[in-house]
Amino acid sequence: AQQQERGCLPCTNCFVTVPQDKYYAVESFGKFSHMLKPGLSFAGPDCCGCCVNFRSVTSRVDQLVVSVHTKTKDNVFVTCKVAVQQSVLPEKAVDAMYK
């Protein structure tokens with residue numbers, strides 16, 4: 001799940017600290033601008049935190065465990081637990097946030 005993020009200086013979003021386990025997208029006036037690498041980054045000029053915004057998505061592996069009820073060929077109903085693991089690829093981080 002993606003989240004809105006804030007810059008590291010009060011009243012402005014010019015500078016942001018990007019954690020190692022997240023991908024940050026920079027939005028200028030609500031439109032996607034570019035991606036930021038981990039570390040301290042300059043996002044661009046900003047006035048009172050209203051021109052530049054950030055979105056983030058985690059790069060960690062996420063696991064979803066689901067119970068599935070199904071019917072076999074011999075008409076027996078079984079319940080199985082299925083674990084689905086997913087993560088965001090670095091080159092597809094923009095697609096994970098906006099599509």
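Partly exposed describes a residue whose relative accessible area falls between the buried limit, under 20%, and the exposed limit, over 50%. The model shown in these views is predicted.

**View 1. Lys-99 and Asp-95 join in a salt bridge.** The N to O distance between the two side chains is 3.7 Å. Asp-95 has a relative accessible area of 31%, so Asp-95 is partly exposed. Lys-99 reaches 79% and is therefore exposed. A search of the whole structure gives 3 salt bridges, and the pair of Lys-99 and Asp-95 is one of them.

**View 2. Arg-60 and Asp-21 form a salt bridge between two loops.** Their closest N and O atoms lie 2.8 Å apart. The pair links distant parts of the chain, 39 residues apart. Arg-60 sits in the loop between β6 (52-58) and β7 (62-71). Asp-21 sits in the loop between β2 (15-18) and β3 (22-28). Arg-60 counts as exposed because its relative accessibility is 56%, over the 50% cut-off. Asp-21, at 22%, counts as partly exposed.

**View 3. Arg-55 and Glu-27 meet in a salt bridge between two strands.** The N to O distance is 2.4 Å. Glu-27 is buried, because its relative accessible area is 5%, under the 20% cut-off. Arg-55 has 24% and is partly exposed.

**View 4. Glu-27 also has a bridge partner in β4.** That partner is Phe-32. Strands β3 and β4 run antiparallel. The two strands are joined by 5 bridges.

**View 5. Four strands make an open sheet.** The strand order is β1-β6-β3-β4, and the pairing is antiparallel. The edges are β1 (3-5) and β4 (31-36). Each edge strand has a single partner strand, so one side of each lacks a neighbour in the sheet. On average, neighbouring strands of this sheet are turned by 35° against each other, direction ignored.

Note on methods: Residues numbered from 1 in each chain as written. Predicted model: local features only at pLDDT ≥ 70, side-chain atom pairs only at ≥ 80, totals over all residues. Heavy atoms only, no water. Salt bridge = Lys/Arg side-chain N within 4 Å of Asp/Glu carboxyl O. Buried < 20%, exposed > 50% of the residue type's maximum accessible area, 1.4 Å probe, protein only. Pairing = 2+ DSSP bridges. Axes fitted to C-alpha atoms, helices over the stretch in contact; angles between N-to-C directions.
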